[in-house]
Amino acid sequence: QVQLVESGGGLVQPGGSLRLSCAASGIIFSINAMGWYRQAPGKQRELVATISPGGGSTYHLDSVKGRFTISRDHVKNTAYLQMNSLKPEDTAVYYCNARNVRTLRDYWGQGTQVTVSS
């Protein structure tokens, strides 16, 4: 059974930091690209960041470049999203995604709420 379990969301003031974690089980972690998406109320889900299976290639949405960093730990089978200098417009539910690069099958976590507000 595939499980992606997110944690680390919460309420933070503008300018603050959070680190999201996505613990994966039931998949071969090393052949899955990992990604973070977010969906704000009334908006479509958008891709925030991705990291290749080996970790050597990353992508970050322009609006988060220099503030957010995606990473992965192959020992812990966990992906992370370090979020610094948070802004109110970063408020959203953040979802972890795993994509098997051989089958292109997607797996999703349940989402974790991030609220940036004073």
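Helices (H or I, at least four residues) and strands (E, at least two) are DSSP runs, numbered from the N terminus. With that in hand, here is a tour of the structure above.

This is a predicted model, in which local features need pLDDT of at least 70 and side-chain atom pairs count only at pLDDT 80 or more, while totals for chains, interfaces and linings use all residues. Residues are numbered from 1 along each chain as its sequence is written, and side-chain values use heavy atoms, with hydrogens and water left out.

**The sheet and its partners**

Two strands are said to pair if DSSP finds at least two bridges between them. Strands of a sheet pair through backbone hydrogen bonds, either parallel or antiparallel. Four strands here make an open sheet in the order β1-β3-β8-β7, with antiparallel pairing. The edges are taken by β1 (3-7) and β7 (68-73), each with a single partner strand, so one side of each has no neighbour in the sheet. On average, and with direction ignored, neighbouring strands of this sheet are turned by 15° against each other; axes are lines fitted to C-alpha atoms, for helices over the stretch in contact, and angles run from 0 to 180 degrees between N-to-C directions.

The antiparallel strands β1 and β3 (residues 18-25) are joined by five bridges. One of the residues involved is Gln3, whose bridge partner in β3 is Ser25.

Strand β11 takes part in two pairings. With β2 (residues 10-12), β11 pairs in the parallel sense over three bridges, and Val116 in β11 is the bridge partner of Val12. With β9, β11 runs antiparallel and is joined by three bridges; here Tyr94 has Thr112 as its bridge partner in β11.

In a regular strand the side chains alternate between the two faces of the sheet. In β11, Thr112, Val114 and Val116 make up a covered face, and Gln113 and Thr115 an uncovered one.

**The core**

A nonpolar core is a set of buried Ala, Val, Leu, Ile, Met, Phe, Trp, Tyr and Cys residues joined through side-chain atoms within 4.5 Å. Buried means under 20% relative accessible area, exposed over 50%, and partly exposed in between (1.4 Å probe, protein chains only). The largest such core has 29 residues, and those with the most contacts inside it are Leu4, Met34, Trp36, Phe68, Leu81, Met83 and Tyr94. Two or more residues each come from β3, β4, β5 (46-51), β7, β8, β9 and β11 (112-116).

Contact means heavy atoms within 4.5 Å. Leaving aside neighbours within four places in sequence, Met83 touches Gly16, Ser17, Leu18, Leu20, Arg67, Phe68, Tyr94 and Val114.

Asp90 lies in the loop between β8 and β9 and is buried, with a relative accessible area of 1%. Beyond its neighbours within four places in sequence, Asp90 is in contact with Arg38, Arg67, Phe68, Ser85, Val114 and Val116. Asp90 and Arg38 are 52 residues apart in sequence, yet 8.6 Å apart in space, C-alpha to C-alpha.

Asn32 belongs to strand β4 and is also buried, at 1% relative accessible area. With neighbours within four places again left aside, the contacts of Asn32 are Ile27, Pro53, Arg72, Ala98, Arg99, Asn100 and Tyr107.

**Rings and charges**

Rings of Phe, Tyr and Trp (its six-membered ring) pair if their centres lie within 6.5 Å; planes under 30 degrees apart count as stacked, over 60 as edge-to-face and the rest as tilted. The structure holds one aromatic pair. The ring centres of Tyr37 and Trp108 are 4.9 Å apart and the planes stand at 65°, so the pair is edge-to-face. It links distant parts of the chain, with Tyr37 in strand β4 (residues 32-39) and Trp108 in strand β10 (residues 106-108), 71 residues apart. Tyr37 counts as buried at 19% relative accessibility, whereas Trp108 is partly exposed at 37%.

A charge sits over a ring if NZ of Lys or CZ of Arg is within 6 Å of the ring centre and within 35 degrees of the ring normal. Two examples follow.

| Charged end | Ring | Distance from ring centre |
|---|---|---|
| Arg45 | Tyr95 | 3.8 Å |
| Arg72 | Phe29 | 4.3 Å |

**Two loop residues with positive phi**

Most residues other than glycine have a negative phi, and most peptide bonds are trans. Asn77, not a glycine, has a positive phi of about 50°. Asn77 is placed in the loop between β7 and β8 (78-83) and is partly exposed, at 24% relative accessibility. Leu104, also not a glycine, has a positive phi of about 65°. Leu104 is in the loop between β9 (92-100) and β10, and is exposed, with a relative accessible area of 57%.
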